[in-house]
Amino acid sequence: MEKITEKLLLEKASPKANKLEQIMTLNLSKMRLKLQDLPVKLLSRLQSLEKLDLSGNMLQEFPKNLELPALRFLDLSDNQIEDVTTLDSLSNVEELRMDGNLYITVSDTYKLMVLLPNLRIYNGKDVSTYANHLRYVYSDNLRTRIAALWENSFCLPDPITAEKIDVLESKFVSTASYQVKFGPNSVSDFTRWRVGILAKEYLLSLTEPKKEVDSVETTGTQNNSDVSKPAKRKQTESVIDTSIRLRPHKKPRTDPAASAASDSPCQSRFRLKPQTQDPIDTIRNVPSKTSRPPITPSRGERRSERPKRSFQEQQTSEDDAQKKRKESLGKKDSRRDADMLQTVEIRSDTQPVHLKPLHVLQCHSKQDSLEDFSTQLWACAFQPLPDSAGNAGGSRLVATCGGDSICLIDCEMGMVMKKYKVPGEEFFSLAWTTVLMSRGGNASAQHCSILAAGGKRGIVKLIHPRNNVAYGEFRASRKALSVLRFNHQQGNFLFTGSYDNKILMWDIGGVDSQYNFKVVQLLVLEIGTTPLHICLPPTAPSAHLLTACEDGLHCYNTQLGANNTSKRSKEMEITFPIYKKEDKDHDYHTVDGLSFLNDDIVASKNYLYGCIYLWSWSRTKVQRPDKKSKAVRAVVLAELQWTNTQIPYLALNTCPGQAYMVCGDDKGKIWTYHIPNLQKNSFHTGKPILPTEVLEWPTPVKNGHGKVEGPSINSVAMDPELCYLVALSDKNMVIVWKREESP
C-alpha cells in the first residue's frame, strides 16, 4: 500500500494537473486503503474534484468532515463500509456506487438518500423518485407523529436552562425513536434514525424563540446554542416507562411485536422503585422452573429433601465481607499456596465494582401479552466484536432467548434492537462466534459475528444479526437441545448438547456473500444424562471438554486426528467433597453451574449445596482416574458462600478480565464475588468466602399489578469489562445492571 501524498494524488489524477486544487478526476481504487490511510487535511484541498474512485479498498467508513464541494460521482464499491452517516459532508454528490459492501442494508441505502440531497443515481439505477419520497413524504409523516407525541406526553421546562433542555432532549429523542412507528419493519432501523434527527429538529424549533427572550432578560447568558446536540444518556427509555423522570401523566405506547428476523419494538410497563430505570417487550410461554419441556429429566424435582445446613443469607456490606475474608487467611497450607502461585494467574490489579439496576425488560411475551409473567428465559450472551484478526472484544449488545424468540438488546439504551421469532419453538440456549465471510472475486474475506440458537425442536438456527439475516439451520438432534458452545479459538467448531444424552461436535464452516454454508459432524460424545453446561479450557479448547450434567461433571477428549474415533466416552469424572454426604435421600451429583474464572480455576455449582466450588483444572486433570469409575477428585481451592435452595438450573458465570464470578438465586438476588487474590485463601480453613456484594432484586412496578416479587435468576452474563451485567428470570424479565464509575 502506497502512502497518500500530494505527489501520488497528482500521479493518479486524470487529466494530469499541476496542483491539487485543479484535479477533477481521481482514481485511488484497489490500493488496500483503510480509513486511517486517507489524510483529511490533504484531501480537503481537492476543491475541484468531480469524480472519485475508492473502489476495491478496505474502508469501513468514509472520512468524517471531508468536504469536497465539487464532487458529483463517488465509487465506494467492494469495500467494507458499515457506517454510511459519515458521507453527510458530500451534499453535492449525484451518483454513488456502493455495491459489494456486505454490511450495507436497505436501511443504510435509505439513509444515503436522505443524507445526500442531490443523489439521483445509486448503483447504476435512477432513484430520484424514491429518494424524494423519503426526503419529503415519508419525513412529513414522521414529523406529524413526532408532534403528536410531544403534545401528548412532553412540555418545555420552566424555566428553560441548558441542563434541563439536554435532559429533555435525551428523553424525547429516545422515546420518539421507539414509539413513533411508520413503514415496514425491514427499514425500522432507518425509521428510528430519521425520527431521532427530526425529533431534535422539532425540539430545537420550540426552544429557539425561548432562547431569544432569555438572552435579553438574562443579559448575556448564552442559552443552549447546542440544543440539537444529544446529551449523554444515563438511562435511556425506549418505549420504556419514561414517566419515571419525565411527566407523571406520560402514557407508554403499546406496539405489536416484530415478526421473525425483524427489528422489534419495545413495550415498557415496569418502573424500578429504588432507582429509576426502564423496561421493555415480548416473548412466549414456557413451563415452570423445574419442568423445562416434557422431555426434560425430572431428577431435580425428585429431590424434595436436602441436608440441613446452618446457613444465613449474607447481606453484609462490602467492607464487612472483606473483613471476614481476611480472618480466614490465618491458617494456610504453604505447599498448596506455592503450587497455586505456579499455576494460577489471577488479575490482582482489579477492584470491586458497584452495579446499579438500569433496565427491566419484558421482551419475550407469549403473543406479545403484557400479562405474561410465566415465560422462562434461559440463556444470554454478549456479542463479541471481532477485530481484523478475528479476535473478539466486548460490546453492549446482548442476546437473550426464551419462549419462541431471540432478542438482541442494547444494554445502555434498554432497547430491543432485533428480534427473531420461530413459532412453535422454545429456545433454551444460544452462543456467539466469529467466522469468515468470503466476498468473492479478489476481495479479502472478513470476520463477522454469528449467533447460533437452539431449543426443543433440536434444530440449530444460524443468524447474522448485522445484516438482519437468519441465514440457515440444521438438525443437531431429534430431541431438544440443552446447550450450545463454540470453540473460542476455532470459531467454526460448535458443540451441541441434547436431551438424548449426547454432545455432538460440528464444523459449521464459514459463509459466502450469498450465505451458502456447509455443516459437517465431527464427533459424538456419549453422556450418561442430560448435559446442562459445556466448558472448554481457555488454553487448550481443542483438547478437552468439560460438561456439567444431571449426574455429575465429566471430562472428554476432543482432539481430532486420524487415529481417534468419532464416538467417545468420558475420559474422567470429576468428583467433589460434598458427594461424601450423599445418602438415599440426598443426591448432590447434579452440577448446574460451570465456568472458568481464568486459565486454570473453574467455578462449579451443585445446586443443593449452599456453596460454589473453585477448583484447579490443571492439578485435577494430572491425577490418574480410578480404573473402574474413572473418577478423580477435584483439587478444591476455595468455596464461595451462596444461598440455600432446592431450585436447579440457576446458572453461574464469570468475568475473567475483572476476576469476577456471579450467580443468581431463587429470590431475584445476584451474588457477586470479586476474587483477585485466591492464593491467599485456603480451602482447609473450612470457612467459605463471603460474597463481595449481593445485588438485591430491584422490585420493578408493573402498571396494574403493583410490585413484581423476586423471581428465580436462570442465567447471568457480563461483558468482558464488566460494564454491564444481564440477568434472566423465570418470570419473563430481563434485568440490566450497569457499572457505576467510582468518583
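## Asking the model how it knows

Modeller: Residues 24 or more positions apart account for 61% of the protein's contacts (heavy atoms within 4.5 Å) that have a separation of 6 or more. This is a predicted model, where local features need pLDDT of at least 70, side-chain atom pairs count only at pLDDT 80 or more, and totals for chains, interfaces and linings use all residues. Residues are numbered from 1 along each chain as its sequence is written, and side-chain values use heavy atoms, with hydrogens and water left out.

Biologist: What makes residues of the protein count as buried, and how many do?

Modeller: Buried means under 20% relative accessible area, exposed over 50%, and partly exposed in between, with a 1.4 Å probe and protein chains only. By that cut-off, 57% of the 743 residues are buried.

Biologist: Why are H3 and H4 called roughly perpendicular?

Modeller: Helices are DSSP runs of H or I with at least four residues, strands are runs of E with at least two, and both are numbered from the N terminus. Axes are lines fitted to C-alpha atoms, for helices over the stretch in contact, and angles run from 0 to 180 degrees between N-to-C directions. The axes of H3 and H4 cross at roughly 80° and come within 9 Å. Angles under 35 degrees count as roughly parallel, over 145 as roughly antiparallel, 65 to 115 as roughly perpendicular and the rest as oblique. H3 and H4 are therefore roughly perpendicular. Tyr110, Met113 and Val114 of H3 make the contact with Tyr130, Ala131, Leu134 and Arg135 of H4.

Biologist: What makes a set of residues a nonpolar core?

Modeller: The set holds buried Ala, Val, Leu, Ile, Met, Phe, Trp, Tyr and Cys residues joined through side-chain atoms within 4.5 Å. The largest such core has 64 residues, and Ile23, Leu28, Leu52, Leu54 and Leu74 have the most contacts inside it. Helices supplying at least two residues each include H1 (6-12) and H6 (188-217). Another core, of 25 residues, lies apart from it, with Leu553 and Trp615 among them.

Biologist: Which residues does Ile23 touch, leaving aside neighbours within four places in sequence?

Modeller: Ile23 is in contact with Leu9, Leu10, Ala13, Ala17, Leu46, Ser48 and Leu49.

Biologist: How do you know that S28 and S32 are edge strands?

Modeller: Two strands pair if DSSP finds at least two bridges between them. The open sheet has the order S28-S29-S30-S32, with antiparallel pairing. S28 (591-596) and S32 (635-641) each pair on one side only, as edge strands. S28 is joined to S29 (residues 601-606) by 5 bridges, and Phe596 stands opposite Val602 in S29.
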